[in-house]
2 protein chains.
Amino acid sequence: MSSCCAELTTAPLSEERAAEIAPVFKALGDPVRLRLLSMIGSGAGGEVCVCELTPAFDLSQPTISHHLKLLRQAGLIDSERRGTWVYYRLRPETTDMLASLLRRPAEVTA
Amino acid sequence: MSSCCAELTTAPLSEERAAEIAPVFKALGDPVRLRLLSMIGSGAGGEVCVCELTPAFDLSQPTISHHLKLLRQAGLIDSERRGTWVYYRLRPETTDMLASLLRRPAEVTA
DNA sequence: CCGTTGGATCGAAGGGTGTCAATATAGAAA
DNA sequence: TTTCTATATTGACACCCTTCGATCCAACGG
């Protein structure tokens, strides 16, 4: 899973690589998941308890749990159970990979 | 549509901003559209003719046209008709916005 | 052991998405 | 105008996705 050098603007993506990346963007393509990810990513200590996420939305607990599962399956977050509670944290490798994919090659002094 | 400073990892996204951004990621959440975007983004002269895109896939012409429409509605590409042909080009402001949103704040010298 | 609480999973309902064949539209050429 | 070619739009179908209530599982406290 190479993650270098503005792939989007330098060469056409291979079919395989596109199939690999698309699901990650798809996971980001929902407002609830986007907010969940930003809450997790900006959480103090780098992690957030589910018990803090669920009440922040006007959605049922199973729905939030479902969205968290999708984010985890996309490789965007990780979870860890400690006692009764479950904590989620960002996986920066994944967001970094997407960011570098979208970045433009440094202005060819047009 | 502010686009500064690693919003994802610094503060929770507002409901409104999440609703604004999610559709753009959603447009990227399909392998065909990702490949289309990368072909357009890496096209010589900054633009690519539809007549070059359509035969590159094992899909019908209406299907490609549909995906291009979605990418355009998401603000990721623009189209221009010149004579019989239609040319698509990248809108870098949009991909730049996404990239900066995903970027991490420069390592707090952990 | 039992009851309670945090979280995940299941199953179903409703709306959305990707794909196609058929058709429509825009421009060039005859 | 008539015809041909390049894209876009329409309508239909199968599948997927978000959401919920109901239920299950794991961990702690009596």
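How far does a polar side-chain atom of A:H67 lie from a phosphate oxygen of DNA strand D, and what is the distance in Å? The distance is 2.3 Å, a polar contact being a pair of N or O atoms within 3.5 Å; within protein, one atom must be able to donate a hydrogen and the other to accept it, and residues adjacent in sequence count only if both atoms are side-chain atoms. The structure is a predicted model, in which local features need pLDDT of at least 70, side-chain atom pairs count only at pLDDT 80 or more, and totals for chains, interfaces and linings use all residues. Residues are numbered from 1 along each chain as its sequence is written, chains are lettered from A and ligands numbered from 1 in the order in which they are written, and side-chain values use heavy atoms, with hydrogens and water left out.

Chain A is superposed on chain B by a rotation of 180 degrees with 0.0 Å of shift along the axis, at an RMSD of 0.0 Å (least squares on the C-alpha atoms of residues with pLDDT of at least 70 in both copies). This is the relation of a two-fold axis. Among the residues of chain A, A:A99 comes closest to the rotation axis, with its C-alpha at 2.2 Å. The copies meet through the same surface, because 100% of the interface residues of chain A are also interface residues in chain B.

Over all chains, a search of the whole structure finds 1 aromatic pair. The pair is stacked, since the rings of A:F25 and B:F25 have their centres 6.0 Å apart and their planes at 20 degrees. Rings of Phe, Tyr and Trp (its six-membered ring) pair if their centres lie within 6.5 Å, and planes under 30 degrees apart count as stacked, over 60 as edge-to-face and the rest as tilted. The pair crosses between chains, from helix α2 (residues 15–28) of chain A to helix α2 (residues 15–28) of chain B; helices (H or I, at least four residues) and strands (E, at least two) are DSSP runs, numbered from the N terminus. A:F25 is buried, at a relative accessible area of 0%, and B:F25 is buried at 0% as well (buried means under 20% relative accessible area, exposed over 50%, partly exposed in between, with a 1.4 Å probe and protein chains only).

B:R35, in helix α3 (residues 31–41) of chain B, counts as buried at 16% relative accessibility. Leaving aside residues up to four places away in sequence, B:R35 touches A:L13, A:S14, A:E15, A:A18, B:A56 and B:F57, contact meaning heavy atoms within 4.5 Å.

DNA strand C is surrounded by 24 residues, the closest being A:Q61, A:Y88, B:S60, B:T63 and B:H67 (near means a heavy atom within 4 Å of the strand). Sugar and phosphate make up 74% of the atoms of DNA strand C that come within 4 Å of the protein. The most residues of the surface near DNA strand C, 5, come from α5(B).

DNA strand D likewise has 24 residues around it, and A:R33, A:T63, A:H67, B:Q61 and B:W85 are the closest. The largest share of the surface near DNA strand D, 5 residues, is supplied by α5(A).
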